[in-house]
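Please look over the model shown here before reading the notes that follow.

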Amino acid sequence: MKIETTTNKTMDIVTVGLCALTVVCASSTAAAKMPFWPHQLGNAPSVGVVVLAAGLAVSLILHTYFWWRDLDEAAQEAHKWAWWWGGNIGLFVGAAGFVGATLFGVDLLPAAIPHTDAALIAAGFIAAFATQAVGYTLAWCGWWMARQ
Amino acid sequence: MTSVFTNRLKVLRAERNWTQSDLVDHLGVSRQTIQALETGRYTPSLPLAFRMAHLLGQPIEAIFTA
């Protein structure tokens with residue numbers, strides 16, 4: 001068990017290192033434009049942006065995998081329970097609140113933000129994600145408090 | 001929030017003069033898990049139950065009761 005934990009921690013350190021390497025590579029290729037970019041997709045992004053997005057995505061997935069493997073069974077159960085109940089209830093509450101506020105004519109966007117459809121969609125996404133995160137956190141704390 | 005099963009983990013640990021940290025080291029779980037087990041509010045998985053039985057030198061039925 002201890003050897004496996006050490007290996008997981010080593011791989012996690014490697015993952016964090018990969019993430020740092022990604023940032024360095026992205027910075028060094030920031031000025032170059034993506035080659036062979038289809039005209040239909042608009043202006044080509046810089047190579048650095050693509051490297052950063054891909055590298056951070058891979059590093060985050062790897063880090064999450066090794067973090068999950070290092071958790072014991074009760075901790076995994078707590079996260080699964082919190083993700084399901086807390087995440088779903090938080091999402092429903094947030095979605096209902098957002099839709100209800102919109103229907104009642106409440107202005108949900110700050111005055112400094114242009115009131116476009118894209119901004120409203122982004123606000124809806126942020127509201128759903130934020131309430132999901134709050135629900136998840138409360139459920140996770142509740143799961144552990146009920147078992148101490 | 002009680003488990004379906006009750007267990008004698010705390011009693012068996014005390015009989016051996018072990019601390020919760022000793023169980024953490026031997027079973028490879030966190031201290032929070034040990035606390036949840038001893039309060040009877042968490043049901044372990046089958047692999048963990050077998051590891052506990054092997055560690056304590058008792059059959060599973062002697063540790064857990066429904």
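Val50(A) is found in helix α2 of chain A, which spans residues 47–70, where helices (H or I, at least four residues) and strands (E, at least two) are DSSP runs numbered from the N terminus. This is a predicted model, in which local features need pLDDT of at least 70 and side-chain atom pairs count only at pLDDT 80 or more, while totals for chains, interfaces and linings use all residues; side-chain values use heavy atoms, with hydrogens and water left out. Residues are numbered from 1 along each chain as its sequence is written, and chains are lettered from A and ligands numbered from 1 in the order in which they are written.

- Not counting residues up to four places away in sequence, Val50(A) touches Met34(A) and Pro45(A), contact meaning heavy atoms within 4.5 Å.
- The C-alpha atoms of Val50(A) and Thr29(A) are separated by 9.6 Å, and these residues are 21 residues apart along the chain.
- Ala128(A) lies in helix α4 of chain A, residues 117–145, and is buried because its relative accessible area is 19%.
- The C-alpha atoms of Ala128(A) and Trp67(A) are separated by 25 Å, with the two residues 61 residues apart along the chain.

**Aromatic pairs**

- Over all chains the structure holds six aromatic pairs; rings of Phe, Tyr and Trp (its six-membered ring) pair if their centres lie within 6.5 Å, and planes under 30 degrees apart count as stacked, over 60 as edge-to-face and the rest as tilted.
- One of these pairs is formed by Trp143(A) and Trp144(A), which are edge-to-face at 5.0 Å centre to centre with 85° between the planes.
- Trp143(A) is buried, with a relative accessible area of 3%, and Trp144(A) is buried as well, with a relative accessible area of 12%.
- The rings of Trp143(A) and Tyr42(B) have centres 6.1 Å apart and planes at 70°, so this pair is edge-to-face.
- Because Trp143(A) lies in helix α4 of chain A and Tyr42(B) in the loop between α3 and α4 (46–56) of chain B, the pair joins two chains.
- Ring pairs link Trp143(A), Trp144(A) and Tyr42(B) into a cluster.

**Helix α2 of chain B and its partners**

- The axes of helix α2 (residues 20–27) of chain B and helix α3 (residues 31–38) of chain B come within 9 Å and cross at roughly 110°, axes being lines fitted to C-alpha atoms, for helices over the stretch in contact, with angles running from 0 to 180 degrees between N-to-C directions.
- In α2(B), Gln20(B), Leu23(B), Val24(B) and Leu27(B) meet Arg31(B), Ile34(B), Gln35(B) and Glu38(B) in α3(B).
- Gln20(B), at 14% relative accessibility, counts as buried.
- The axes of α2(B) and α4(B) come within 11 Å and cross at roughly 115°.
- This contact is made by Leu23(B), His26(B) and Leu27(B) of α2(B) and by Leu48(B), Arg51(B), Met52(B) and Leu55(B) of α4(B).

Terms used:
Buried < 20%, exposed > 50% of the residue type's maximum accessible area, 1.4 Å probe, protein only.
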